[in-house]
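Please work through each task before reading its solution.

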Amino acid sequence: MKIKKLSLRSRIFIAMILLVLLASILIAAVTIYQYNEEARDYHRERLERKEKAIRKSIEFIVQETTYPVTTENIPLIFKDAIFDIDAIHSLQVNLYDLDGQLLKSSKRTIQRDTTEQCLDADVLNALSNTAEHRYVLKKEKNGQIFQSSYSYITDGKFKNLAILNLPYLENDDFLNRELNEFLMRLGYAYLAMIFVAIVFAYFISTYITKSLKTISDKMNETRLEKRNKKIQVESTSEEIETLVNSYNSMIDELEASAVKLATSEREQAWREMAKQVAHEIKNPLTPMRLSVQSFQRKFDPSDENIHQKVDEYSNTLIQQIDTMSSIASAFSNFAKMPAQKSENLNVVHIVKLALDIFNEDYISFEAEKEEIIAKFDRTQLIRVVTNLVKNSIQAIPEEKENPRIKVAVFSVGDEVKITVEDNGNGIAEDTKSKIFEPKFTTKSSGMGLGLAMVKNIVETFKGSITFTSQEGKGTTFTVAFPK
């Protein structure tokens, strides 16, 4: 899962847990480093203390011996005393001459390692060239760390007699046990802290994101077409309060803009409608004017065909007046919004009534069953059916052989569906997207308000209208609305 896709609450939760884990790892690392430093200091100081004590014992033996204090007599001087020193201080003691040859050792073995018989030249050089005349060599063997200190033994006149070598094994068992016990206690403590951190992180992240969740829900509910409620959040931080105030200000501006937009769209719609009405009315007025002017010029009372000509002029005027009347009726019907009256209707019966006004014998009707009950407005349902059937009749050319219009009513689940299928000219591809626009029409007359009105009525009752069409083969309109 990508971090960017995590919610703010999850990010806060994960961050707090990681912070505790990181702190525990860091403290454990610092503790281990500190223990290692202390172990190194402990072994260094312990070797120095033992070396200091052993040197005092050696100085005492040198002062009390009856042998001449020379390098050659070192094995005699420390014949038995070297073992006492080893026993007292629990540390092996090796004595070398100034050339690095082993003189005496407290190691109780018959065979000694050949490397112990003679010191390396590097050790002798380092010992003689250091200001303290002391050299410590550290090496690792079989997984264990050894330190060997080298220093001079002097007589009473501070003349170098021999080289003292103290091999020291760094035994960290005790320190390692202490470290393991401490890390175990630390682990238990941090397990408890992680549990507390999880609980704390859950509640703190919930508290922090609670206000943001409220704001998010309100934003998701924001709609341009309805009145939106402002956010009321108590006990919030300064940042959340600023965000809430910005949202509330946006709501005020949105409502003002919505009112202006609705007013502007309404005015624009009526302006366009007025232009369309004016255009449609002008169409019949022109032939009426021409007919009247022609009648004035050619009127002759003595003409034997005067009655026939008057009838022709009258029919022309009546036809154009009927056209204007149909335009006015269409505009009036569209302007009337569908009533929200809802009643239980037998849709099959209402559709039959709507089809009774048509005289075309090629209109057929079928229903899934005799009674399909749904909530709708009786008058508006009749208007829907008659408009769709009328459109189908007008879509079939007069020269069409075997014209056919099939109206069907059936139910699918919780919906009632009405289909009106014809075998007319169909709808061209470039006009399908405009078929429900209020002022769009493919006919030579009319305002193109029928389908727009049907769509308006159906959607008012939470329904839908769709169509399928093939140019030259016909069109099927489907109206669906809940029972």
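**Exercise 1.** How many aromatic pairs does the count come to?

Solution. The model is a predicted one. Ring centres must lie within 6.5 Å for a pair. Under this rule, the count is 7 aromatic pairs.

To classify one of them, take Y135 and Y150: their ring centres are 6.5 Å apart and their planes stand at 25°. Planes under 30 degrees apart count as stacked, so the pair Y135 and Y150 is stacked.

Next, locate the two residues. Y135 belongs to strand 3 (residues 134–141) and Y150 to strand 4 (residues 144–154), so the pair ties together parts 15 residues apart in sequence.

**Exercise 2.** Determine whether Y135 and Y150 are buried, partly exposed or exposed.

Solution. Buried requires under 20% relative accessible area, and exposed requires over 50%. Y150 has 8% relative accessibility and therefore counts as buried. Y135, at 25%, counts as partly exposed.

**Exercise 3.** Describe the sheet, stating the order of its strands and which strands form its edges.

Solution. The sheet is open and consists of 5 strands in the order 2-1-5-4-3, with antiparallel pairing. Strand 2 (102–105) and strand 3 are the edge strands, as each pairs on one side only. From one strand to the next, the twist averages 25°.

Opposite N94 stands S105 in strand 2.

Helix 5 (residues 121–129) lies across strand 3, strand 4 and strand 5 (160–169), and runs at about 55° to strand 4.

Terms used. Residues are numbered from 1 along each chain as its sequence is written. This is a predicted model: local features need pLDDT of at least 70, side-chain atom pairs count only at pLDDT 80 or more; totals for chains, interfaces and linings use all residues. Side-chain values use heavy atoms; hydrogens and water are left out. Rings of Phe, Tyr and Trp (its six-membered ring) pair if their centres lie within 6.5 Å; planes under 30 degrees apart count as stacked, over 60 as edge-to-face and the rest as tilted. Helices (H or I, at least four residues) and strands (E, at least two) are DSSP runs, numbered from the N terminus. Buried means under 20% relative accessible area, exposed over 50%, partly exposed in between (1.4 Å probe, protein chains only). Two strands pair if DSSP finds at least two bridges between them. Axes are lines fitted to C-alpha atoms, for helices over the stretch in contact, and angles run from 0 to 180 degrees between N-to-C directions. Contact means heavy atoms within 4.5 Å.
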